[in-house]
Structure formats: C-alpha cells, structure tokens
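Me: I'd like a close look at one part of this structure, please. Could you walk me through it in plain words?

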Amino acid sequence: MSIVLPLDEDQRDALQELLNISMGQAANSLAQLIETKIDISIPKISTVTPNELYGLLFETKDAFYTRQSFLGDIHGEVMSVLSQSGLVEVAKLMDYEEPLTKEDIQEIILELCNILAGACLAGLSDQLELTTNLNMPTLFQPEKSNFSDLQWQHTLVMEVQFIIAISSFSMRVVFCLDDESLIRMKDTLDELLG
Amino acid sequence: MFEQLVSKLPVGIGIVDEAFNVVYLNDFFLDRLPHELRKDYKEQPVTELFKGQGKFLKRRLKSVFVLQHPSFSYWEQRPHIFPFKSSRPITGEETQMYQNMEIIPIKDNTSDRKLACIFLQDVTAQASYFRAQQKLSQALKKEHAEQRKLIRKLDTAQSQLIQAEKMASTGQLAAGIAHEINNPIGFVTANLDTLSQYASHLLAICDGVESQITHFTEEMQEQMQSLFESNHYALLKDDITELIDESSEGLSRVRDIVENLKNFSLETADGYQNIEVCSVAKQLITLISAQYAKPEYKFECAKEKLEVIGDPGTLKQALMNVMVNAAQAIEDKGFIKLSIIENDNDIAFKILDSGCGIAEQNLKRIFEPFFTTKPEGQGQGLGLSVAYTAIEKHQGKVSISSKEGKGTVVQITIPKSPPQSFSTDNSEPATEAFSK
C-alpha cells in the first residue's frame, strides 16, 4: 500500500499494545458470559479507502453484518462480521432454545456484536483514558450500500478476529475512526508515550 | 426535583440490584403494574414481577452485571418484554405495547453497590407504522408479481396471435399457390400421358421399319441405316421411356406435395373433430422431408389407424413445429423417428431425433415465446410456444429431454377425447424439462 499510515511508528506500536490488552479483555468478557474458550487474532491496524473497507468486510463468506456507532471523546463506527456457521452452537451457549427463529438469530447476532464491540471499545477507552459511549447495534447489509459514494478518503481501521474454539464460529470486529478522533487519539497516544 | 423528573419521564426507568430485585420503578412502570402489585413491588425480583420474559430479562441483566456494559433489545426481535397494554386501549389497533429496551450498568454513589438501569421505550406507534408499511410493500410486491404474470400471459397471447395470423396468411397463400399449381400440373400430366402413348407409337413405327429393312434396295438400306445412326436411334429408344416415366413420377410427387399442402392449409373447420393421427403423421413426414431432405425419417405405430378428438389445425401445427425443429437440429446425417403409442386414455407422440440437442440452460426456456437460439432473422422463437399452447388447448402434456450432441426426445400426450369441457382458460399442461 502506498498510503502512509497517519500514525508514526511509536504511536502505532503503542496502539497495537493497547489493542492487544483491550481485545484480550473483550475475549475474556465473552468467555465468562458463555463459559467457553475464545481465541483472538493479533489486532491489525491499517489505513483503508472506502473500497478497501468494503473488500475487508467481504473477506468472510456467508456472513452476517452489524454496525454500531460510538460517541464521546472519539467518534466512529464498529462493524462486525459474523460467520453463519457455528452460530447455532453459540446460541446454545447463550441459553437459546432450538429451533431458532429468524428473530432469535437476529437477536443473537446483535447481542454478540454488542458484547464484543462494547468490551473492545470499553477496554480501549480505558487504556487511553477517554470516555466513549456505544450506541445500539443495528443489522447492516453492506452489499446494499454504496461504499464508493462515501465522503471520506481514508480511515484508520483496527481489526480483530474472535474464534470460539469448540465451534466453527468466528467473528471479526472492525473499528473505524473519523478524522477528528484520529487526531485526538494521536495526541492521547503521544501523551502516553511522552 | 430530579426524583420527580425521573418519575415523570415518558420512558420506563427501572433499577434492579445484582439479585435482580427491584430498587426503583418510575411512574411509567408503576402506572402499568397490576393494582395488587403497586404497593409492594420493591425488593421483589424483577423476573418475578414480569414473568413472561423472565428468562430473557435474567440473561440480559446477568450480562450487564458481568460485563458492565449496556445491553439492547429491539421490538423487531422481541416486541413485548414487559406485558404492558398499548397506551390506546379504546382506539388503538395494537393491543400490546411494542418495546425497545436498554439496560445500562450503574453504581450507587453512596453504597458503591452495582445496579442495572432498565430503560423501556414505547415504540408501538413506530412499530405499527412500520408493520403497516411492510404490509403495504408486501401487497405491492404481490400485485407486481401478478401484473408480471399477466404481462407474460399477454405476451404469450400476442405471440400466438402473431403466429395465428402468420399461419392464416401463409395458409391462404399456400392454398392459392396449390390451386395455381394444380391447373398446369393437370394438363402437363395429361399431355405427358398422351406423349408417352405417342412415343410408344413412334417407336413401334421405327421398330417396324427396322425389322423390314432387308426388303428395301441396298441404297435405301444404307440411307435408312445412316438415318438411324445419325439420330442415335438405339440410345433414343432406350432413354425415351425412362425419361417419360421419370417425368410422370416427378409430377405425381409434385401432386402429392401440393395435396399435402392443401390438407394442411385448408383447415377451415374450426372446432373439435375426429382426427386420424396415423395419416396425419405420414402426411407430415412427406411434407417435411420435401423441405428437409438430409435426415432419414422413420414412422412407427402399432395400429394402422388411430383416432383422437381434437382440433386438427392446431394439433397438426404443434406436431409440425416440433418435427421442423427436429429436422433443423440435424445438420448433416441423422434420423428422425416419429412413434405413436396408444395408451388407455391418451395417445402419445414421441419425436426422437439424433440432432445437435438442446443446451441445459436453454431447456427451461424453450417454450417461452420469442426464445430462440437461431441467428437473428432466422427464427422467431415461436414454434414451440405455439406447440405448447396447442397442446395446452387439448389438455395434453409435453415433455422434453435432450442431451447436447446426442439428440432430443419430445413426447406429446393428448387425451383421446378432451375431458368434460373444451374450455381451456385455466388449464396449464405440466411441462418438465430435464436432461439425461
């Protein structure tokens, strides 16, 4: 990629470290709630254009999508991509009874995203000593929206994958920040490094 | 002041502790509680107070206490968490309140106790509006589908009209031409007959002269001999009968074709009548083999004569269209076999060809009007759709199976006599398209 990351190397390392910690906490939260082991990937930090973001979301085949905005000291959106496979096992862990209705599945998806995105964001905000409030998640159909028409050029993306060990279920959480929040975060990172 | 404000807010606010016991409910909740519970709701588990969705509430509250993170629920997935009536008991259409819920973790400032705050929003108006819209959009979709169906029907009807019109005009044309050809053929045949007699007379004369040649003078003999030789009499004698025979055979073929053409085009009697299918089939083969000479034609039928009741015009047209397709499928060498099989109540026409076959993706569309794989200008894509309609009109069935490069089998089954009514508006023949 020819685009220069808006973070310098030190900032990037610091953010990476903070993400590692907060994502770990998020995984623990979910593990605690559904009493099963959860693996996480190493968080990825990158800068993407709208079309790259679109491609990033569609890396998982046959997926459900949700989005959720957050406000506070930093603003942005969290998009989650959930695999369809293995969802039934997760539903069982979450105390849902079979057969699952369409509404049950939607509710499970929304709840999973809310828990994981919430935990990730809370962890990150804690580390950065920023206040954030996550709004409610909604189901999202990226294939129906036109990413090429989006107003922004580049956005900072933080991505992490959660895998539930006993089923084939996996879920990716993608954080995107707006420009203003990026500046604020860089300042905060500098303060921490300083 | 804040306490008052919170109690009067138009959203439900309820606070529970870690044992799910109620610590506080605002007026929104209290107004909707049954009378007997209004006095002593405090310190009761919220899951007992509102039993219906107790399990769900418990799960969500647990998640909030464990994760210290808000939880959401929407009316779309779970419309009625708390068993509250709609706010319009008299005029409202919805009887139960549609709810959005949010549970957020809070902390008691004085005791540092972990609490959860339940926000409940009445979204009945929104939900009923949304549902009305959904109903509307479904109705629209249905209507749209019906219209499309209608358009398809119209399309089919139009194409049939076009085809019928075309058939009528080509029929008239063919009848006219047939009539015109018949006249000259009549006198040519008669003349040829006479010519054949004259030729035999002439030959008899020449032969007579030849046999009596020894009675002439030597000079005369020589002259006669050279006359015979210069006119190639031996060859002429051999050839002339053959030529005339071939010509009258050719003429009789022309007469057959014209006759068939007339049979096919002069179908004026509209309506159902007895049709003798074996002779129809034979006529058809003669007619088609005149135009498509390459394939070898075979005909098979266990009986000499078989009858069905039907409309001769459309039925012949249907068979013709299928046969023509079979003939066109054969580029160089191959065969077409038309078999007629008699069953208890129906008669099946099986048309088998060893032609190029139909690609699987096209098989489903072959009965669509205007669907054709021929190059532009060479086919209207109407043949099989017309056949389909004709078979439909006879309450029959048509099935096709084909393998590319191997050939195609079309089976048309027609009831021997049409069941009950001749009306055909709603009947659709069962078609199946499958590949071997």
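This is a predicted model: local features need pLDDT of at least 70, side-chain atom pairs count only at pLDDT 80 or more; totals for chains, interfaces and linings use all residues.

What share of the 436 residues of chain B count as buried? And once that's settled, please take me to the place where chain B touches chain A.

Reply: In chain B, 23% of the 436 residues count as buried. The secondary structure of chain B comes to 12 helices and 13 strands. If you take the contacts in chain B between residues at least 6 apart in sequence, 66% of them join residues at least 24 apart.

Now for the spot you asked about. Here 11 residues of chain B are in contact with 16 residues of chain A. On the chain B side, helix 5 (54-67) and strand 3 (71-73) each supply at least two residues. Helix 5 of chain B gives the largest share of that side, with four residues.

While we're here, let's look at a pair of helices inside chain A. The axes of helix 1 (residues 9-34) and helix 4 (residues 102-128) of chain A come within 8 Å and cross at roughly 140°. An angle over 145 degrees would count as roughly antiparallel, so helix 1 and helix 4 of chain A are oblique to each other. Their crossing is right-handed. Among the residues that meet there are A:L18, A:A26 and A:L33 from helix 1 of chain A, and A:I115, A:G123 and A:L128 from helix 4 of chain A. The residues of this helix contact divide into 13 nonpolar, five polar and no charged.

Note on methods. Residues are numbered from 1 along each chain as its sequence is written. Chains are lettered from A and ligands numbered from 1 in the order in which they are written. Two residues are in contact if their C-beta atoms, placed from the backbone, lie within 7 Å. A residue is buried if 20 or more other C-beta atoms lie within 10 Å of its own, exposed if 12 or fewer, and partly exposed in between; C-beta atoms are placed from the backbone. Axes are lines fitted to C-alpha atoms, for helices over the stretch in contact, and angles run from 0 to 180 degrees between N-to-C directions. Angles under 35 degrees count as roughly parallel, over 145 as roughly antiparallel, 65 to 115 as roughly perpendicular and the rest as oblique. A crossing is left-handed if the near helix is turned anticlockwise from the far one by less than a right angle, and right-handed if clockwise. Ala, Val, Leu, Ile, Met, Phe, Trp, Tyr, Cys and Pro count as nonpolar, Asp, Glu, Lys and Arg as charged, and the others, Gly among them, as polar.
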